[in-house]
2 protein chains.
Amino acid sequence: MYHLNETHDPSLTSWVSSANSDDTDFPIQNLPFAEFRRQGSSEAFRGGVAIGDQVIDLAAVAKLKLFSDLAQEALQACSHSTLNNFMAMDKAAWSALRLALSTALQEGATEQAQLENCLIAQDDVEYSLPCEIKDYTDFYSSIHHATKVGSLFRPDNPLLPNYKWVPIGYHGRASSIAVSGQTFPRPCGQLKAADDEAPSFGPCKRLDYEVEVGIFIGNGNTLGEPINIEDAEDYIFGLCILNDWSARDIQAWEYQPLGPFLSKSFASTISPWIVTTEALLPFRSSFSHPEDDPQPLPYLTSETNSQSGAFDMTLDCFITTSTNQEESRLSRSNFKHAYWTAGQMVTHHAINGCNLQAGDLLGSGTQSGANEGEAGCLLELTTAGKNPVTLNNGETRTFLEDGDTIIMRAHCEREGARRIGFGEVRSSILPPKL
Amino acid sequence: MYHLNETHDPSLTSWVSSANSDDTDFPIQNLPFAEFRRQGSSEAFRGGVAIGDQVIDLAAVAKLKLFSDLAQEALQACSHSTLNNFMAMDKAAWSALRLALSTALQEGATEQAQLENCLIAQDDVEYSLPCEIKDYTDFYSSIHHATKVGSLFRPDNPLLPNYKWVPIGYHGRASSIAVSGQTFPRPCGQLKAADDEAPSFGPCKRLDYEVEVGIFIGNGNTLGEPINIEDAEDYIFGLCILNDWSARDIQAWEYQPLGPFLSKSFASTISPWIVTTEALLPFRSSFSHPEDDPQPLPYLTSETNSQSGAFDMTLDCFITTSTNQEESRLSRSNFKHAYWTAGQMVTHHAINGCNLQAGDLLGSGTQSGANEGEAGCLLELTTAGKNPVTLNNGETRTFLEDGDTIIMRAHCEREGARRIGFGEVRSSILPPKL
């Protein structure tokens, strides 16, 4: 775990004045990482850090040689078209660069004149994936989601006996993950309603989103060497927002016995900015299982994990449609309600010796809360299509229609800390290709 | 599909005399690809082609500029530390290089003197993975395996209703795949026997191998663009042997509802050589479902797939133990008995728009036949540990023990064609790390 330091000081302000606005996601306390270039250009993508409504171009900063030692080395690693090399450096390097940037972007910093030339307005840039995503694993850490979905797929057996012991996860498809702005045709596949004699082929009729947190692995472990729960956080570089698109009808027919496959692999979309775990330090929460539930096995237990293993991260989800560009809220939930922490997911993932690598992405699973309006997908919100949701113009949805856009945003706020945000992930559905 | 050409002529012989031996896996009709370097050296890995007991160093051949146009371009792409760039070229490039190498390695070729300097004995080299494996997907294409395993995990419901319609597959872990020679500690994890009150943590007690065929994707498709079954073979670069290690007790407790995860992700091992689909052309077999079974949906049906979609590829599996270095045979089976063809796996995988990429690996799933001695894993061979197998020194096995080595070999032979082989995949189990 990190320690609170001068970079978290809520009173810090920046000479980039937009960073001092109350409603920015990117005050100087945040400093998240992305890969960007000028919109529509053929420039190489390179690392950038968000500050207010600007991006600071890390490749340009690296050339100035303002920083020394580890911070400069980290900056060099951020100059390439993926952040994998930087993420593969350790916590000390991530922290050194954060401190150097925080110092140089502060009100009154002597570096202001030089760094002003390294700023580009966020409105003028486009993003790529922040790193080459190696393996993608999707967990299932909301017990509220698991229970509600389980009751739809297996009415007699909603929450399976392993759920309260095993941080359930499965391997996902990495190639089809793209950054915010992704569009994709409605997927086709085999569909079979319960009373159909045989499956038929056609476009998915029950297309859904899933509100998830994405957890990016930084440095990895060697094959055969598990990761102790006490050290698990050292392997996490940072978090983003993840929309794990799902084709519920394809899923229902294909998922037994080996799990979801084509129902998930057609697209997943992430927000461009990775907010580092160091920036998230003021927003950690205690973690525990309900007293009556089994307590985690020792390999998943540590004092640190109990004291501050969870993230108090608010997740909002909105929709616009082809006929209504005004956003309708679909849900608000919070990552702190997850039944397993990010650290537990990392430790569990590697307990068999599986090697994690810089650039691996872990999905938290759909983050639903216990209450109405906290369900992170339409399957839950509409009880599998039985109760349509009504949008702010009176339109209704059971599942998604062509032309729909899903927007997710996330932020952390807490008494005594500066509010930080994650930006957004936005993605739209095109008609099927037949 | 390719057409038979001069490279398949069974009467062709090479000036590399070991390639003319009856029992070589690597006659001039084969010409499979790997990444290699001199054993124990710090040389860069580069592409090589097997010929008899030698490797021809493609980076060295590229420098000679003996070939022209597409063949030379392909050769350049093989000079790097992964074959991804070469695999991402198309069938025309793969074929041009095969023809050029076949011509230059033939008895009487004028290139002999120059190419002799590019040979290194296979005994003197070490291999890396042939390419960076992007996404790994494991199918479940043996109905015999699915039925037998299903009857052990779900006695009341062995073969699920979707099996005869859907080429069942799931995403696997790419990071822990290594080349022949891999060793790994016995994995630990959560174990729970049916009558245990709660799970416990410890080393896997039911460690198993799985005999599979690995299918390497060459050129890929764009996200959102499915692959027509008529074109599916154009996306396949070649095949290898795959041992998909499995921890059966971890699997039994974790696999519902999202499929196998830690029970598979600790290690998978492949043979170093990729045998191209062009080399395999003489060994194609017709494909059909039994008459009484549902016929595949139209998107999985083509005349070519019916006529020659299957591969007649014999798969052998052997074991040695820490006290017995003499190989005992465990099984012999054949890929031609698979319920779905490699082409159907490719088309199904992309039918939802999922993008395949050069370097993706598809596992065929355990290839078991209908008869005794054709079961591709111990779970089947021992009926989940109830009937131990006896090795040639009298030792018995239900599941694998520390120090055991599994060796798999594969070959194709047929009247009127030169026999070709795949070499071997060999891997050993170390004691658990606790």
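Trainee: Which residue meets Asp208(A) in a salt bridge of 2.9 Å, N to O?

Mentor: In this predicted model, local features need pLDDT of at least 70, side-chain atom pairs count only at pLDDT 80 or more, and totals for chains, interfaces and linings use all residues. Residues are numbered from 1 along each chain as its sequence is written, chains are lettered from A and ligands numbered from 1 in the order in which they are written, and side-chain values use heavy atoms, with hydrogens and water left out. A salt bridge is a side-chain nitrogen of Lys or Arg within 4 Å of a carboxyl oxygen of Asp or Glu. By that rule, the partner of Asp208(A) at 2.9 Å is Arg248(A).

Trainee: How many residues apart are Asp208(A) and Arg248(A)?

Mentor: Elements here are DSSP runs numbered from the N terminus (helices H or I, at least four residues; strands E, at least two). Asp208(A) belongs to strand 12 (residues 207-208) of chain A and Arg248(A) to helix 7 of chain A, so the pair links distant parts of the chain. The separation is 40 residues.

Trainee: Is Arg248(A) buried or exposed?

Mentor: Buried means under 20% relative accessible area, exposed over 50%, and partly exposed in between (1.4 Å probe, protein chains only). Asp208(A), at 0%, falls in the buried class. Arg248(A) has 3% relative accessibility and therefore also counts as buried.

Trainee: Which residues are linked with Arg248(A) in a network of salt bridges?

Mentor: The side chain of Arg248(A) makes a polar contact of 2.9 Å with that of Glu210(A). Such a contact is a pair of N or O atoms within 3.5 Å; within protein, one must be able to donate a hydrogen and the other to accept it, and residues adjacent in sequence count only if both atoms are side-chain atoms. The network links Arg248(A) with Asp208(A), Glu210(A), Asp244(A) and Lys264(A).

Trainee: How many residues apart in sequence are the parts that Arg419(B) and Asp25(B) tie together?

Mentor: The closest N and O atoms of this salt bridge are 3.2 Å apart. Arg419(B) lies in the loop between strand 25 (405-412) and strand 26 (420-430) of chain B, whereas Asp25(B) is in the segment before strand 1 (33-38) of chain B. Arg419(B) is partly exposed at 23%, and Asp25(B) is buried at 16%. The parts tied together are 394 residues apart.

Trainee: Which three residues supply 15% of the area that chain B buries against chain A?

Mentor: Buried area is the accessible area (1.4 Å probe) that two parts lose on being put together, summed over both. Between chain B and chain A it is about 5500 Å², with 62% from carbon and sulfur atoms. The three residues of chain B that supply more than any other three are His171(B), Leu258(B) and Phe261(B).

Trainee: How many salt bridges are there between chain B and chain A?

Mentor: One of them joins Asp135(A) to Arg173(B), with the closest N and O atoms 3.4 Å apart. The count between the two chains is eight.

Trainee: Which residue of chain B comes closest to the rotation axis?

Mentor: A rotation of 180° with 0.0 Å of shift along its axis superposes chain B on chain A (RMSD 0.0 Å), by least squares on the C-alpha atoms of residues with pLDDT of at least 70 in both. The copies are thus related as by a two-fold rotation axis. At 2.1 Å (C-alpha), the residue of chain B that comes closest to this axis is Gly259(B).
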